[in-house]
Amino acid sequence: MKVPLVVANWKMNGTQAEAATLAREVVNGGGGIGGVEIVLAPPFTALATVSAVLRDSPIRLGAQNIHWEMSGAFTGEVGPRMVRELGCEYVIIGHSERRRLFHESDQAVGKKLVAALSVELAPIVCVGETLQERQRKKTNAVIGRQLRAALKGLGKSAIKNLAVAYEPVWAIGTGRNATPEQVAAVHLRIRDLLRRLRGQTEAEDCRILYGGSVRPDNAAELAKVPNVNGFLVGGASLKAENFLSIARAF
Ligand code: PGA
């Protein structure tokens, strides 16, 4: 049985003081939640602060992005070892906002995965279709393309350290979540693809998260869907109470 993984993606929100307060609220309120792995992914500027707050707690730290090189002339970028040094154990890679707003390609996502794993950062790689792609019945093709590119440089055993987040672009920050039937179909598809690309046992070890307008009022229903092994939560993770109630859904 996989331990569910519930990740808070705070995106570009929070001063250090606000991040520390929110992290403290999650630590204090999360004590009683057993059997779920909880990760907070604050902005880069708050990683050190949140790392200090999480130090003696079971809650883990994640980064929202990394560059694929460790160091060098890449103005404005942050390397994998730099976030590892701050205590990150996880990193979100290929979020649709990175792909769409910052032109991150499938190839860049693949390179970032290799870099993350090389410093023992567990990647959470995001895949998902736009509304137009869904309407044109391209969902499976898009997910297949994104996943193949992401796994390209990874050996068979690497995928057990990986989580895949299915985040339909039309459900992110829109208040409109995918239905349990839609989630079930895509998650099964992802599991099958992982099996075909990297083998049965390895595919079973990989956690598949759902993300896109997960809230306290829909989390329980979505958590019951087969092959849903966790959530990637944006908006609702900015309130400790809401985020913790989502984590309790497992
Ligand atoms: P949302 O964001 O929960 O606000 O829809 C999810 C995400 O972007 O990871």
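A polar backbone atom of Ser-213 lies 2.7 Å from an oxygen atom of the ligand. The protein covers 95% of the 280 Å² of accessible area that the ligand has on its own (areas by the Shrake-Rupley method with a 1.4 Å probe). The model is a predicted one, in which local features need pLDDT of at least 70, side-chain atom pairs count only at pLDDT 80 or more, and totals for chains, interfaces and linings use all residues. Residues are numbered from 1 along each chain as its sequence is written, and side-chain values use heavy atoms, with hydrogens and water left out.

The table lists polar contacts, that is, pairs of N or O atoms within 3.5 Å.

| Residue | Part of residue | Distance to a ligand oxygen atom |
|---|---|---|
| His-95 | side chain | 2.6 Å |
| Glu-167 | side chain | 2.7 Å |

Around the ligand are 13 residues (each with a heavy atom within 4 Å of the ligand); those that come nearest are Lys-11, His-95, Glu-167, Gly-173 and Ser-213. This shell comprises four nonpolar, seven polar and two charged residues, with Gly counted as polar.

## The protein as a whole

The protein has 11 helices and eight strands, which are DSSP runs (helices H or I, at least four residues; strands E, at least two). Its C-alpha atoms fill a box of roughly 45 × 45 × 35 Å along the principal axes.

Technical notes: Polar contact = N/O pair within 3.5 Å; in protein donor to acceptor, adjacent residues only side chain to side chain.
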